[in-house]
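Here are my notes on this one, point by point. Have a look at the model first, then read on.

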Amino acid sequence: MLVALLLVVLLVVFRRPLADVLWPETRVQALLDQAARALADGRLDAADGSGARQLYEAAQALDTDRSEASMGLRRVGQEALRQAGAALAQSRFAEARERLALARELQVPQAQADALAARLRAREAEHAGLDNVMQAAARAHEAGRLVGGPDAALPLYQRVLALQPTRLEALEGREDALSDLLQEAGRHLQRNELGPAASLIGQARAFDPGHVDLPQAQAALATALEARRRTAARDLARGRLVAAQAAYDDVLAAAPDDAGARQGLEQVGVAHAVRAERHAADFRFDQARQALARARTLAPQSARVVQAEQVVARAEQARGRPGTGMPARERAQRVQTLLAAVADAEAKGHWLTPPGESAYDSLRAAQALAPDALAVRQAAARLLPAVRNCYEDELRANRIRRAQACLQAWQTLQPREAGLADARRRLAEKWIAVGSERLGAGDVAFAVQALEEARRLDAAVPGMDDFQARVRLAQAPQTR
């Protein structure tokens, strides 16, 4: 009985060593399983032996021939390197150094460890100077230097936040600086300085697109742009071309892709072309050439500018035709021929075209030869009411293109007549009416042209805004 009792005690005390001797494979596999769980949980190293490293090393000590333990140790090294990188990204430098040291002990590739070590040193050096950066940002903020260079307040706050995204004083400083920046943009808007205002708002959006004051600033900019467009359209309609161009330029300074402003500038160019024709009609060729130069700059592709160039060139030719040196009899015959050409062109309705053969061209040539001749004055007096009648007849018949040609002749013959403003308005209304009808039939291209012609004649004509909205809506599917 004593012997039996002694055997029982020995089995209880030495059961684990005996199991290890009798079933070593079972013990190794258990260690490998525990090590894999520790690695999955992120417990890489522990002094009490529960870390993945210690467990894999224990398994390796029991069975040096099995490769699972050595492979596991390599995975622990790579995970240590990954954790070091994650800690570095969050500026937890002590943890990053500890994990990097573990990775080196487990013999990760030296190039990987060295690269991470270099990054760690650089970030620690940067971090050591962040307090100085914060002080510099505060000084720049106080001085009102919010943007404009790397030493301005907002770029400095952003530099701090790139390394410490949750640093409260940097977040608050950036918030206050952006509010100040948007207030400065608002002051520019009050002075109609749309370009600088848009630039500041764009910079604020780049620093923090979710800033609380940004939507209000963007809405204020949109309102200011729309108001400036309306001002430009009114100036254009009233013939204040310099003011209209300045207003459209303001819009483009803030919104370079604004199609309405670009179209408005082209209309200003066309208006300069019309003005060049009027100057040429009065033989004021210096002013005509100046107006043409502006027209070419603003509307280089416009057919109306090309037409104005032809009109000015014909007027210069008519002015330059020999008269004083021509014998009186020959001059009289030439005048009679020209007056006959005027009558023939009148009968055909050719008031301004074709170039060189129109009633207007022939009349101006006759005036150049004999400006005081009774027959020439009678032809001029007869031509103006005929042109007016042409306009009215063609407008009633809805032949708007011919009505527009007659209106252009009317404007050329008597550019300062009071009735021209009403005539332009009625023709603009007719363009909108016909354009609306054609738009309803699906002819979007004609509607776009009708909108341009109506706006060129009178941008403030009733119904313009509604027709423009319908045309843009019809164009939208084509744009997509």
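1. A term to start with: buried means under 20% relative accessible area, exposed over 50% and partly exposed in between, with a 1.4 Å probe and protein chains only. By that cut-off Cys390 is buried, and Cys406 is too.

2. On the ground rules, this is a predicted model, where local features need pLDDT of at least 70, side-chain atom pairs count only at pLDDT 80 or more, and totals for chains, interfaces and linings use all residues. Residues are numbered from 1 along each chain as its sequence is written, and side-chain values use heavy atoms, with hydrogens and water left out.

3. Back to those cysteines: Cys390 and Cys406 form a disulfide (a pair of cysteine sulfur atoms within 2.5 Å), with the sulfur atoms 1.6 Å apart. The structure holds one disulfide. Cys390 sits in helix H19 (residues 374–396) and Cys406 in helix H20 (residues 400–413), so the pair ties together parts that are 16 residues apart in sequence. Helices here are DSSP runs of H or I, at least four residues, numbered from the N terminus.

4. After H10 comes Asn192, with a positive phi near 60°.

5. Which residues touch the most other members of the largest nonpolar core? In this 46-residue core they are Ile201, Leu225, Tyr248 and Val268. A nonpolar core is a set of buried Ala, Val, Leu, Ile, Met, Phe, Trp, Tyr and Cys residues joined through side-chain atoms within 4.5 Å. H8, H9, H10, H11, H12, helix H13 (241–254) and helix H14 (259–281) each supply at least two residues of this core. A second, separate core of 45 residues includes Cys390 and Trp410.

6. Finally, the largest pocket holds about 980 Å³ of space. A pocket is an open set of points on a 1 Å grid over the protein atoms alone, with protein on both sides within 12 Å along at least five of seven lines, and lining residues have an atom within 4 Å of a point. Of its 41 lining residues, Val274, Arg278, Gln411, Arg424 and Arg456 are the closest to the centre. H14 gives the most to the lining, with eight residues.

Terms used:
1 Å grid on protein atoms, 1.4 Å probe; cavity = no way out; pocket = protein on both sides within 12 Å on 5 of 7 lines; lining within 4 Å. Points joined across faces, edges and corners; volume = space filled by probe spheres on them.
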